[in-house]
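Hi,

Here is the structure I promised you. Have a look at it first, then read my notes below.

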Amino acid sequence: MSKTFWHRWGQLIAATLAVLAVVSGIAFTTTARNAAQASSGRIVISFWHSMNRPNGQLLDKIVDNFNQSQTKYKVVSQYEGSYGLAESKYINTLHTNVTPTIMQQSDIPTMTAVGDYVPIQQFVDADHYDLNQFYPGILSGFKLKGKLQSMPFNASSSVMYYNKDLFKKYGVKPLSKSPSYSEIRAAAKALTEKSKGAMKGATLQIYPWLPEQLAANQNAVVVNKDNGRTAAATSAELNTPAMQRTFARVQNMIKDGSFQNYGTGSSASVNQMAGFLAGKIGIFMQSSAAAGTIAKGAKFKWGETFTGSCGRRTG
Amino acid sequence: MTQLKHANHYFWLILVALLMSAPILIGIWASLLPTADIAAGHLTSTNISLANYVAAIQTTPVLRYMANSFIIAILITAGQLVLCTLAAYAFAFLDFRFKKQIFALFLITMMLPFEAQIIPNFQTVRTLGWLDSYAGLTIPFFASAFGVFMLRQAFLQVPNELHEYSQLIGLNHLQFLFRIVLPYSRSTIVTFVLYMFLTHWNDYLWPLITTFTDQYRTTQVGLKQLQAQDTFSNWGVIMATAILILLPTLIVLIIGQCYFRKGLNTGGLKA
Amino acid sequence: MELHNTPVAAPSTTTSGTKGRFLKKTNAALWFLLPSLVILAVFTFYPMIMTAIESLFSTNVRGELAQFVGFSNYAEIFSDPLFLKSLVNTFIFVITAGLGTIALALFLASMVTEKMRGSGFFRTAFASTMGISGAVASVLFLFLFNPSVGVLGILLKDIGVKQNNLVADPTGAMIILVVVSIWMGTGFSFLNLLGALQSVPADYYAVADLAGWSSWQKTWKITIPMVSPTLFFLLVVEIIGKFKTFTEIDLITGGGPDNATNFIAYKVYTDAFGNRNFGIAASEALVLTAIIAFATWFQFRFTERKVYYK
């Protein structure tokens with residue numbers, strides 16, 4: 001069998017392999033040419049970011065516009081997954097051939113702990129760049145000892161998203177613009193009970209930024225030395241009344257049975273978003289940046305509220 | 001009566017065959033439909049066109065991904081062919097000290113899952129400066145115990161008379177290998193080549209952790225990249241990309257069908 | 001990839017005397033083996049040893065080894081409810097998907113064992129999922145199960161399944177992964193079982209017919225016992241393969257929801273490359289290695305015996 005088969009198919013296989021070899025040969029030369037083009041004349045600036053979907057497309061447009069605006073530099077942007085994944089990639093590849101020139105990152109504490117970056121203040125000073133265009137409140141979030149560490153690019157505000165249709169369906173009063181904690185708890189409980197367990201009222205992703213925001217709304221810090229801004233922090237201040245209140249509130253909702261736990265890790269936020277878009281979750285807290293994805297993916301009416309007073313009031 | 005039984009049997013056969021190939025058939029069908037129709041749930045739409053394929057090629061780096069996968073699959077296959085042939089030759093035709101022990105060493109590697117080696121391997125490749133490069137994507141896979149066993153098994157089928165004859169006429173090792181052993185085992189070699197190509201065309205975990213730019217991303221992780229960037233829209237383009245990536249697999253499977261079935265009887269393959 | 005049937009029991013090389021003379025210099029073997037040995041040493045043995053070492057260390061924020069901690073990483077993972085949940089769910093997945101694959105493959109193979117018009121076509125159709133990548137399969141099934149645009153998603157909604165977005169539901173996500181895994185694995189098992197079924201002597205069935213056995217009796221008393229070695233072999237191979245499931249998890253569920261599908265191979269990856277907890281990830285990797293090494297050893301033993309009986 002093998003002999004006849006070889007006679008019949010051998011040439012075809014050989015030809016296929018030859019074609020493949022030629023294709024890869026071409027691909028090799030294209031790569032070489034691309035690299036050469038990129039390096040000839042233009043300085044390549046690699047840029048890692050974590051913006052996908054509508055935000056990512058907008059960012060690509062900004063990058064394209066910049067590349068077309070001049071001929072000296074070429075920014076090559078790369079989506080590297082969530083902030084957490086991108087940060088891991090960055091730290092895992094420090095000082096290697098793939099280290100990016102610029103990186104978008106939300107986790108300033110970890111980045112400063114790892115070091116190995118140039119504070120943006122140096123460039124601001126050199127260029128006499130006018131920082132007055134930014135809100136001082138936002139700027140201060142990116143400063144360490146008065147020096148700007150990174151450029152405020154997409155400063156996130158923590159907001160609360162809720163599914164208006166589900167509220168209406170189960171006859172729950174919509175959230176106010178700045179809901180109190182007790183209001184949220186009651187709504188979550190009502191949603192869970194009236195849906196007979198088909199959905200959960202609320203969730204809070206296990207993601208440090210969220211409790212940090214909730215504590216900050218109560219004027220509390222998470223590490224000493226004013227959250228490490230006046231000097232390098234020497235101790236964590238997680239066990240504060242503000243933080244205890246925050247988690248006691250989560251605990252209350254877990255006791256109510258109205259809380260959905262999406263776990264930790266890189267998939268938690270994706271699952272949370274999928275759950276919300278599927279109408280499995282009534283209320284969740286997330287960055288204002290998620291609004292684009294929700295606007296595109298939600299097949300229901302949804303609302304957005306401040307998280308402000310839900311932190312401050314006791315419940 | 002028997003005719004009825006036959007018809008019944010064929011009915012079930014066709015039904016099951018349709019069910020088994022449904023994911024692919026529906027995928028192909030969806031790749032031909034406009035995204036707007038898919039999003040509206042109109043899978044019975046007749047607006048078929050190749051527009052999604054054009055869009056996939058023009059707006060996504062899918063061709064780049066495919067070129068990368070061709071390159072790494074071919075480089076790994078070639079590398080393995082050389083290295084595994086040499087090792088298999090030694091195990092089949094040479095006598096040397098510690099042969100059993102070295103053979104056992106090869107055997108042991110089959111018990112060690114690659115998934116458990118990724119951390120140090122990543123660190124090694126990083127130290128070598130091979131992240132995001134063809135070298136890093138291919139060289140770690142240049143040797144495999146599986147390939148050595150498969151080829152050794154084939155080489156052992158070379159009749160002893162041929163072996164003795166080549167000694168008689170004074171062929172050296174490489175001459176014996178190229179003039180007699182390889183032509184004699186060509187059916188296994190073809191199976192080996194097709195199988196290795198397929199396996200590494202489908203590589204996922206390693207490219208996922210060692211590629212950082214579209215310049216080196218391979219098809220399978222490219223698919224994830226496209227999906228992550230664009231989950232909630234553009235089903236048409238994503239399906240077209242998936243089908244494009246599937247095509248070489250199907251071609252290899254069609255060419256290799258008989259070889260694979262034969263491989264099951266002799267060497268044993270597992271994708 | 002797995003090995004079938006070959007190495008252990010293969011007849012050892014025939015004579016050594018003539019070959020010894022043929023080989024003037026025995027260290028020729030060294031040159032033939034060296035390239036493979038170097039690659040295996042650098043990319044298989046060294047990383048395996050390093051994984052074992054790293055499992056005894058804690059890591060710093062940069063993921064570098066920071067401090068020797070003995071076996072406390074192991075103590076930590078085995079008291080971590082998430083890891084235990086991961087182990088339990090991995091086993092549930094591996095066993096369901098493994099048995100499902102074999103059962104479906106056996107069913108398909110038994111349908112086309114007899115030579116009949118068009119059986120070649122059906123055999124090709126049934127084997128066609130062999131070699132399809134996890135990534136492509138994931139995208140195809142993500143589409144099928146999509147609650148608003150996918151055929152199965154819409155079907156689930158129409159038959160009144162409330163939780164029709166399976167990916168967002170812990171049990172649903174597990175079901176999708178099992179279905180994809182069965183679909184992908186069937187081709188290979190099918191081809192193997194087809195071979196085994198075809199080698200059952202036709203006389204047995206003829207005698208059974210004379211004795212007036214029902215087809216059910218024939219299946220249980222002749223077919224199953226005759227193909228049981230192949231069934232057993234395939235079960236082990238499938239189980240090993242499914243323990244390594246990664247791509248489908250990464251693309252379909254991302255380990256969720258609520259870690260329901262965070263199987264062990266995936267957890268190794270997320271702990272190492274997502275959370276930079278290399279010490280923990282390394283100890284989880286060694287647990288995975290232990291499981292797979294045991295299963296492989298089992299398979300080798302079995303294969304040896306099977307060939308022996310032949």
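**What I found**

In chain C, Ser215(C) sits in helix α10 (residues 215-243); helices (H or I, at least four residues) and strands (E, at least two) are DSSP runs, numbered from the N terminus. Ser215(C) is exposed, at 54% relative accessible area (exposed is over 50%, buried under 20%, partly exposed in between, with a 1.4 Å probe and protein chains only). Its C-alpha atom is 9.5 Å from that of Tyr205(C), 10 residues away along the chain.

A quick word on the ground rules. This is a predicted model, where local features need pLDDT of at least 70 and side-chain atom pairs count only at pLDDT 80 or more, while totals for chains, interfaces and linings use all residues. Residues are numbered from 1 along each chain as its sequence is written, chains are lettered from A and ligands numbered from 1 in the order written, and side-chain values use heavy atoms, without hydrogens and water.

Now chain A: it has an open, parallel sheet of 3 strands, ordered β2-β1-β3 (two strands pair if DSSP finds at least two bridges between them). β2 (73-79) and β3 (102-103) of chain A are at the edges with a single partner strand each, so one side of each has no neighbour in the sheet. Strand β1 (residues 43-49) of chain A pairs with β3(A) over 2 bridges, in the parallel sense, and Trp48(A) is opposite Met103(A) in β3(A).

As for confidence, chain B has a mean pLDDT of 86, with 94% of its residues at 70 or more (pLDDT is the predictor's confidence in each residue, from 0 to 100).

Cheers
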